[in-house]
Amino acid sequence: MKTIIRPAFAETEEKKSRFLAELVPYDHLAARLAELRIAHPKANHHVTAYRYLNDADQLIEHGKDDGEPSGTSGVPCLKVLQGRDLINVAVIVTRYFGGVKLGTGGLVRAYSGAANAVCSVADFIDYVPEGEAELFAGFSDAGTLEQACAQDGITVLDRQFDSMGTHIRISGPKDLVAELAGRFPIHHD
């Protein structure tokens, strides 16, 4: 699976209708859609599609037609995201109607074309599932714990010391976080 590191933009045209497509991280969808509605008040539609993993690692995906005929815009955009195996991303296609009706097939082609256009200019990276864990080490192992938390990809979120030793909360690639949690488990008195 792939995801994006920064938003991307592309513009396409179909029979005088303009399609402005943006690919954004899923977490930015609501804010970016609100900005686009303000920036493009005369646009006819703001079609969206997204795919993301929720906290339970379930794939959530949806396409919204935003007033276009059912199934002609949101789902074709979603199919582009699925076909490219993208995760934690959203596409927003803003349409300015050009005066010529495109028909159902034309809409499907135009929206999937806009989604493909923005995907072809986006920068993708491999998707790495992230996780968090609480780690503990007694004072004698604190140096080893600190070294383990200094690995690439690991972010220390919190560090606390008590009479027993060091407690560290980390985030990073799920596999690595799980391995460290196994090596430095929190002990409960």
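**View 1. Arg51 and the residues around it.** Setting aside neighbours within four places in sequence, Arg51 is in contact (heavy atoms within 4.5 Å) with Leu59, Ile60, Glu61, Leu78, Leu81, Gln82, Asp85, Leu86, Ile87, Asn88 and Val89. Arg51 sits in strand S4; helices (H or I, at least four residues) and strands (E, at least two) are DSSP runs, numbered from the N terminus. With 8% relative accessibility, Arg51 counts as buried. That label means under 20% relative accessible area, while exposed means over 50% and partly exposed is in between (1.4 Å probe, protein chains only).

A quick note on the model: it is predicted, so local features need pLDDT of at least 70 and side-chain atom pairs count only at pLDDT 80 or more, while totals for chains, interfaces and linings use all residues. Residues are numbered from 1 along each chain as its sequence is written, and side-chain values use heavy atoms, with hydrogens and water left out.

**View 2. Two loop residues with positive phi.** Most residues other than glycine have a negative phi. Asn88 isn't a glycine, yet its phi is positive, at about 60°. Look for Asn88 in the loop between H2 and S6; its relative accessible area is 24%, so Asn88 is partly exposed. Asp66 also has a positive phi, near 45°, and belongs to the loop between strand S5 (59-64) and H2.

**View 3. The largest pocket.** Here we look into about 450 Å³ of space. A pocket is found on a 1 Å grid over the protein atoms alone: it is an open set of points where a 1.4 Å probe fits, with protein on both sides within 12 Å along at least five of seven lines, and lining residues have an atom within 4 Å of a point. The volume is the space filled by probe spheres set on the points, which are joined across faces, edges and corners. There are 18 lining residues, and Asp27, Leu53, Asn88, Tyr127 and Glu130 are the closest to the centre. Strand S1 (2-4) and strand S4 (45-53) are the elements that give two or more residues to this lining. By type, the lining has 10 nonpolar, 3 polar and 5 charged residues (Ala, Val, Leu, Ile, Met, Phe, Trp, Tyr, Cys and Pro count as nonpolar, Asp, Glu, Lys and Arg as charged, and the others, Gly among them, as polar).

**View 4. Aromatic pairs.** The whole structure holds 4 of them. In Phe19 and Tyr111, the ring centres are 5.1 Å apart and the planes at 85°, so this pair is edge-to-face. Rings of Phe, Tyr and Trp (its six-membered ring) pair if their centres lie within 6.5 Å; planes under 30 degrees apart are stacked, over 60 edge-to-face, and the rest tilted. Because Phe19 lies in strand S3 (residues 17-25) and Tyr111 in helix H3 (residues 103-121), the pair ties together parts 92 residues apart in sequence. Both Phe19 and Tyr111 are buried. Tyr50 and Tyr52 make a tilted pair, 6.0 Å centre to centre with 40° between the planes. Ring pairs also link Tyr26, Tyr50 and Tyr52 into a cluster.

View 5. Leaving aside neighbours within four places in sequence, Cys77 is in contact with Val47, Ala49, Val91, Val93, Tyr111 and Ala115.
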